[in-house]
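Biologist: Could you take a close look at one part of this model for me, the place where its two chains meet? I would like a connected account.

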2 protein chains.
Amino acid sequence: MTSLGHAMGTDFKGPPDLSGARHGTRVVVLGSGLAGMLAAYELRRAGYAVQVLEYQNRAGGRNMTLRGGDTVMELGGHTQKVGFAPGNYINPGPWRIPYHHQGLLHYCNAFGVALEPFIELNHNSFLHSTEAFGGKPVRYRDFAGDFFGYTGELISKAVDQHKLDDVMSADERAHVKAAMRTWAGLGDDGTWTKGTRSSLRRGFDKPQGGGVDGAPVPSDLLPRDEVMKSGLWQFIAFHERLDMQTTMFQPVGGMDNIGKGFARQIQDLITLNCKVTAIHQDDHGVTVTYDDMAGGGAAKTVQADYCVCTIPLPVLSQLDVQVGAPLKAAIAAVPYGSSVKLGLEFRRRFWEQDDQIYGGISFTSQPISQISYPSSGIFTKGPGVLLGGYMFGPAAYDFAGMTPQQRVEEALKQGSKIHPQYRKEFSNGVGFAWSRVPWTLGCCSMWSEQARKEHYKALTTMDNRIVLAGEHASYVGCWQEGAILSSLAAITTLHKRAVGGA
Amino acid sequence: MTSLGHAMGTDFKGPPDLSGARHGTRVVVLGSGLAGMLAAYELRRAGYAVQVLEYQNRAGGRNMTLRGGDTVMELGGHTQKVGFAPGNYINPGPWRIPYHHQGLLHYCNAFGVALEPFIELNHNSFLHSTEAFGGKPVRYRDFAGDFFGYTGELISKAVDQHKLDDVMSADERAHVKAAMRTWAGLGDDGTWTKGTRSSLRRGFDKPQGGGVDGAPVPSDLLPRDEVMKSGLWQFIAFHERLDMQTTMFQPVGGMDNIGKGFARQIQDLITLNCKVTAIHQDDHGVTVTYDDMAGGGAAKTVQADYCVCTIPLPVLSQLDVQVGAPLKAAIAAVPYGSSVKLGLEFRRRFWEQDDQIYGGISFTSQPISQISYPSSGIFTKGPGVLLGGYMFGPAAYDFAGMTPQQRVEEALKQGSKIHPQYRKEFSNGVGFAWSRVPWTLGCCSMWSEQARKEHYKALTTMDNRIVLAGEHASYVGCWQEGAILSSLAAITTLHKRAVGGA
């Protein structure tokens, strides 16, 4: 608790205190995503002898950025070559950082990773449903203005008509009426009607201008019953979610600059191309067996006193891991989400030049779910890259089942409903399906409440010499902050065990 | 009208078409704010012979930035020397640019003025009223979560209790109920109560963490009657105003980079230090008389065929201006607002480091009205400058009546209620009172509806050879976009007159 109310919104309490480590105690870290690299960094600082085994030929894990010239290979055999112009990119994994992810922000700053604002909420973006407003997109500001206006009007009128006398005092009724009128921008009569006041929220039909012909013309309202039926209010709700609130950040130049910043600290500890096959332990230590993929696949082993394992659970559950039944059950119990992201490059930033949309997200009821506009490079003249779709769940499985070309084609077809310029301006695209990534087999952990109750404690409790870390071992699932906080928790636990168990 | 609904939110239709100008037709422009400089730029491009007379010893008008080493002199005799560290600044006049100010954005891009996002809405900033919640500030996210929650709950319950059956069909009632639950984040029972769901809006008491102790603890709600009584909902409404919606921009490095960008185009046309005393006209031309303040105050005259006058009305109304009665009355009819802005430099960015506030605005019921956090330099370690107060109206008159030292002291006293770190971290400050600026005598035009009806047409109609421009000659008053749009309207009118009246 702080003096100003409840906590600041972060569970990060600063770098861990690992003092008193027995110098040279050996720790093997499996996986060089953010969780693994942070564990290696802090453990080495504390005096441990650390080595990191990584499956891929790169560090960073799901912290990735795709740029022109990159190759994406996926399970099923499809290969995509990214064709973006120099400087353009898409982040297929994490792409934004909330203000309250203080652990990640701390290490970004400590490791010299430059950050810039990520624009999340944009009042001028589009909301679209195939089932509402004749299938035409509406501006966020139009919809939000009308939704708030009608909502405020309903309560204001209900107060006037004494319908709420039973639930509030006369004093509160007066306050509620004032609140609704101010918040919703109602007229003096408490109604949401076409006119200057409503257009000062939703925008004018002829905007405010200069000179003798400068008078604005108010805009028509959307009908209340259509607003309420549309379902588009879910996208207003979206921006109020703790994880989606402003201010957000992104690394300058691509999310993988975070992974690179972490890797700079510990690159001498990482061995790439290690396909772990078994993790055994006894009273004396841990033995990790892996195929050395850079050395023709020869089986090798590493001995250590302790192991921090950050291997994603769908992969880990298929390995020979010598842990107790509770942890084994936990590893098997957590399903991973399927997610697909599409990066589409267009010859020009028509969303800025034609539609005055600078950053932010347009939402649609179509499977692509959203179109996100780049927060960087705004006002530049060259080609630009959109996030042309970001799916979770069933739509993601559908898209993952398509060829990469089909994914892009489908995204163009659906996106054209919101931006008719799509076909004319399209240059090239890439579709990244997380369920087809061999080293994670899904995008991130999707804990159910029931699974959390039954298995979370076991998953996060050190099993003799082995402790798990990663976003899956946190309450901040699917976010990089989860990897950071779980890693700090895991190495703190490991350290206590190593010192106390001496 | 566009194919996607009503207009884009801008009345800018591109650079003006001034083709067919009689080469060498002379235009004198009075004032080198944005309106005057744009008029000079476009008129010269069209072939007119332009000169600009400026009262100050600098171009830019109210487009200003204060940096360390700058001196502020004001009516009343007070002089302030700005003590900010290198790189820090405050914009005492305009400080942000809405996405729909397309005229200004167009010329910024045309003139090479680099822009960056201005962070307006910040869910983690504070809302504060001396009369609410025991005088303690609350986080925006806490208040907004509870205000939306209780509002949604009121309607959801009213629907359940059939109180709204008379105003909507059964179908719409079902939609409204679903809308309220989703938008407001209500529980399955339609209530706003303490728990995971409400804390996923307003934040947890113990935030979501990692590892075995990662479970979050929900936060307490603010009581509904206090929320409704607090008046703090006005600050939620603030962000929904068309002019305050996201995405917003600011020039990199200070607002005066716009003025400098404009001045670069036409600096050879500007004569500084000209105190205009009279503007006369007859059938043959315009004669402007001014005191040459750089030349000992000697009276001089300029002859031209036409005049674009951008002198702020409180100054213009005191000059000898030869125009008809309607324009004279209009010039006298428009009051200017008083405004004060305070720039406070602190030794470190405690709002970021202690409070996790990155850009955006905290609001208070106190006279300082708001504290705005810099959108640039986020995460830097050195001293930072806050907008420590921004007052309009009565509070501005109060602050303008104080000495600069008193203004800063008062801002520290009030700001300490929101940020207890103020006193300890304070370094230096500056208080800029627009009512004490001799060349504008107020910050900007404050048209009443009545004055608009009676005088706007006359103010914006060309009076023989003289046409007015500036934010006061627009429906976008107090914004730079008003200066841009009115300038374009004025020179289009002038051009028609010059070509047609040949």
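Modeller: What follows describes the contact between the chains and then turns to the single chain.

This is a predicted model, and every value below is computed from it. Chain A can be laid on chain B by a turn of 180° with a shift of 0.0 Å along the axis, and the RMSD of that superposition is 0.0 Å; this is why the two are said to be related by a two-fold axis. The same surface serves both copies, since 100% of the contact residues of chain A recur in chain B. In numbers, chain A gives 98 residues to the contact and chain B gives 98 residues as well. Putting chain A and chain B together buries an area of about 8700 Å², and carbon and sulfur atoms give 62% of this area.

Sorted by class, the side of chain A that touches chain B holds 47 nonpolar, 31 polar and 20 charged residues.

Behind this surface, chain A contains 16 helices and 25 strands, and its C-alpha trace spans about 85 × 60 × 40 Å along the principal axes. The radius of gyration of chain A is 26 Å, which agrees with the value near 23 Å that a compact globule of 502 residues would have.

Notes: Residues numbered from 1 in each chain as written. Chains lettered and ligands numbered in written order. Predicted model: local features only at pLDDT ≥ 70, side-chain atom pairs only at ≥ 80, totals over all residues. Heavy atoms only, no water. Least-squares fit on C-alpha atoms with pLDDT ≥ 70 in both. Contact = heavy atoms within 4.5 Å. Buried area = accessible area lost by both parts, 1.4 Å probe. Nonpolar A, V, L, I, M, F, W, Y, C, P; charged D, E, K, R; others polar. Helix = DSSP H or I, 4+ residues; strand = E, 2+ residues; numbered from the N terminus. Rg over C-alpha atoms; globule rule 2.2 N^0.38 Å.
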